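Dear colleague,

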Amino acid sequence: MRYFEVHHLVPAWPDFLDDFQRHWPTDEDHTYVDFVRDGVCGNGAERTGSSRWRRLTEERAGAKSVFHFDVPGSVAKSTHAGIPWLRYLRRQPGARIHFWPFDGWDIQPGKSAIAEAYPSLWKHEFPVEGRTPDQHDAYTIAAWLRQADASGALQRALNPALNMSERGIAQDVEGWILGVG
């Protein structure tokens with residue numbers, strides 16, 4: 001929410017996607033986060049955030065801020081690279097994609113879902129078995145989704161126990177990490 005306040009943005013995810021892409025155009029050919037950070041393209045300097053700013057879901061999960069660059073375990077580069085691609089996917093005609101929780105907490109049959117995941121929530125439940133840390137993170141998410149779907153835990157994770165204010169902030173503005181209660 002602090003990002004929206006500081007940059008005087010309407011607290012709505014579709015508006016945020018458009019604004020963010022204008023400043024961080026990483027969906028364009030040969031445009032990398034570091035190019036935007038260095039001022040070669042885009043205008044990321046006008047849309048920065050503090051590494052101390054964390055979304056409600058990040059606070060609950062103990063995750064780093066999406067604005068915390070250049071530290072071990074940082075997701076800032078991947079976040080800044082990926083958000084414009086979410087906008088791109090959202091604009092595809094005929095796309096049957098549900099962006100959880102922005103399109104609602106319940107995913108309709110016949111739709112593919114895009115949800116934010118945080119492998120640290122479950123990675124110690126699965127043996128590494130020779131995988132690199134990144135490979136193990138990907139494996140963890142896939143394995144947890146399979147198990148959670150089979151056990152019914154996935155449906156509970158898609159509907160976290162949040163009060164009305166928290167649900168509104170998560171659905172309209174900040175998003176939510178799957179599995180964070």
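**Salt bridges and their surroundings**

Asp19 and Arg47 are both buried (under 20% relative accessible area, where exposed means over 50% and partly exposed lies in between, with a 1.4 Å probe and protein chains only). The two residues form a salt bridge (a side-chain nitrogen of Lys or Arg within 4 Å of a carboxyl oxygen of Asp or Glu), with their closest N and O atoms 2.6 Å apart. This pair links distant parts of the chain, 28 residues apart: Asp19 lies in helix 2, and Arg47 in the loop between helix 3 (33-37) and helix 4 (56-61). Helices (H or I, at least four residues) and strands (E, at least two) are DSSP runs, numbered from the N terminus.

This is a predicted model, in which local features need pLDDT of at least 70 and side-chain atom pairs count only at pLDDT 80 or more, while totals for chains, interfaces and linings use all residues. Residues are numbered from 1 along each chain as its sequence is written, and side-chain values use heavy atoms, with hydrogens and water left out.

In total, the structure holds 14 salt bridges. Another of them joins Arg91 and Asp18 (3.0 Å, N to O). Arg91 is in the loop between helix 5 (76-90) and strand 1 (97-99), and Asp18 is in helix 2 (residues 13-23). Arg91 is exposed at 51% relative accessibility, whereas Asp18 is partly exposed at 23%.

Lys77 also forms a salt bridge with Asp34, at 3.0 Å between the closest N and O atoms. Lys77 belongs to helix 5 and Asp34 to helix 3, 43 residues apart. Shared partners join Asp34, Arg37, Asp70 and Lys77 into one network of salt bridges.

With kind regards
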